[in-house]
Amino acid sequence: MRLGPFSLLIAMKFAEIEQTEGHLVEAHGPGWVRISGQRYTQGLILTPAEIVSPWGPACASELDLEHLLDLTRFAPEVILIGTGQTTALLDPLLQAPFIQQRIGVEWMTTAAACRTYNILVAEGRRVVAALIID
């Protein structure tokens, strides 16, 4: 094959990651999430090894430090906060204890948190998702 002076040949290898152990989000929609075959309609904490339901407040504006500190008992390296159908802007001071412990915290919609959680579990990361279901 002859390439011109401005041509670039890029090869990519795609590999499917298969996670066979632990809880994964199978589906989600407004007011529900399905994990390992079970449908949940209330807020919950999700780790690869455990599901804690019900958990937390009914909406993101009611989240407080006590709700979030409960997540550290799982020894995560990353915490995902699913704030419902819209991304909530929460008080940055809520992140201070996690920064001190070198735990990453990300706020996003619950749908985005579900997708991100599955990716991080497949990568073998110690992740905890706290999902508000609205």
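A disulfide is a pair of cysteine sulfur atoms within 2.5 Å. I went looking for pairs like that in this predicted model, and my count came to zero disulfides.

**Cysteines**

Is Cys114 buried or exposed? Buried means under 20% relative accessible area, and Cys114 has 1%, so I wrote it down as buried. Cys59 has a relative accessible area of 30%, so that one goes in my notes as partly exposed.

**The three-stranded sheet**

I then traced an open sheet of three strands, which run in the order E1-E2-E3 with antiparallel pairing. Which strands sit at the edges? I found strand E1 (25–29) and strand E3 (38–40) there, each pairing on one side only. From one strand to the next, the twist averages 20°.

I also looked up what packs on this sheet: helix H3 (residues 110–122) does, and H3 touches E1 and E2. The direction of H3 makes about 170° with that of E1.

Zooming in on E1 and strand E2 (residues 32–35), I got four bridges in the antiparallel sense. Ala27 stands opposite Arg34 in E2.

**The five-stranded sheet**

My last stop was an open sheet of five strands, in the order E5-E4-E8-E6-E7, and here the pairing is mixed. Strand E5 (51–52) and strand E7 (104–108) are the edge strands, and each of them pairs on one side only.

How many bridges join strand E6 and strand E8? I noted five, with E6 (residues 78–82) and E8 (residues 127–131) pairing in the parallel sense. I looked up Ile81 too, and its bridge partner in E8 is Ala130.

Methods. Residues are numbered from 1 along each chain as its sequence is written. This is a predicted model: local features need pLDDT of at least 70, side-chain atom pairs count only at pLDDT 80 or more; totals for chains, interfaces and linings use all residues. Side-chain values use heavy atoms; hydrogens and water are left out. Two strands pair if DSSP finds at least two bridges between them. Helices (H or I, at least four residues) and strands (E, at least two) are DSSP runs, numbered from the N terminus. Axes are lines fitted to C-alpha atoms, for helices over the stretch in contact, and angles run from 0 to 180 degrees between N-to-C directions. Contact means heavy atoms within 4.5 Å. Buried means under 20% relative accessible area, exposed over 50%, partly exposed in between (1.4 Å probe, protein chains only).
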